[in-house]
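Have the structure open as you read.

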Amino acid sequence: MSEETHCFLIKTLLHKTIPEHYLLACDGKVLFITSYENALKDFLKRHHLPLPLYQTHPVLAWAEEELREFFEGHRKDFTFPFKLSGTPFQETIYQTLYKRVKYGHTVSYGNLASMAGYPGAARAVGSAMKNNPLPFIIPCHRVIKADGTPGQYGGGTAMKQMIINMERVMSNE
């Protein structure tokens, strides 16, 4: 990011069933979503970003509204601007997941690796999911173990299963 980067931060309750989340936007794009303050601090430091202003910004209001609609089951896709960050491998995995695994569907770590052109890289995909800067947008909750069980998730396995179930129900209506 340039020296003139302007960052804004809000902490918001997106739905009563999940913890509050921080939404970070810089230069008009959402960059990071987390419920963990330490993860936010690490992200800012790792990306050499200035301390954000703790106030809303139009893109954050837009993202907050769409994320709430998602958790209420009224939204399947997001339209607010965001920017991915990660290694080239991670960004390839995130793009593949975003474009090819649709609402209400799941994919195994191994299948996602193959879809992205990295057969046999299931563990690396798991690591990419762990480092996903934009959960819900890049739907890492849709990536499950080969045996059909949810696998790890930053918000906990129960939250991951809740989102998977919500999407399945809403996609069948």
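Which residue just after α1 takes a positive phi? In this predicted model, that residue is H48, with a phi of about 55°.

**Helix α1**

Step back into the helix itself, which spans residues 37-46 and has L40, F43 and L44 buried. Seen down the axis of α1, these buried residues fall within an arc of 95°, so they line one face of the helix. An α-helix has 3.6 residues a turn, so residues three or four places apart point the same way. Turn to the face directed away from the buried side and you will find the exposed residues N38, K45 and R46.

**Aromatic pairs**

Now for the rings: the structure holds nine aromatic pairs. Two of them are set out here.

| Pair | Distance of centres | Angle of planes | Type |
|---|---|---|---|
| F80 and F82 | 6.4 Å | 70° | edge-to-face |
| F89 and Y118 | 4.7 Å | 75° | edge-to-face |

The F89 and Y118 pair links distant parts of the chain, 29 residues apart. F89 sits in helix α3 (residues 88-100), while Y118 lies in the loop between α4 (109-115) and α5 (122-130). At 33% relative accessibility, Y118 is partly exposed.

In the other pair, F80 is buried at 2% relative accessibility, whereas F82 is partly exposed at 21%. Both belong to a cluster that ring pairs build from F70, F71, F78, F80, F82, Y98, Y103 and F136.

Conventions
Residues are numbered from 1 along each chain as its sequence is written. This is a predicted model: local features need pLDDT of at least 70, side-chain atom pairs count only at pLDDT 80 or more; totals for chains, interfaces and linings use all residues. Side-chain values use heavy atoms; hydrogens and water are left out. Buried means under 20% relative accessible area, exposed over 50%, partly exposed in between (1.4 Å probe, protein chains only). Helices (H or I, at least four residues) and strands (E, at least two) are DSSP runs, numbered from the N terminus. The arc is that of the directions from the helix axis to the C-beta atoms. Rings of Phe, Tyr and Trp (its six-membered ring) pair if their centres lie within 6.5 Å; planes under 30 degrees apart count as stacked, over 60 as edge-to-face and the rest as tilted.
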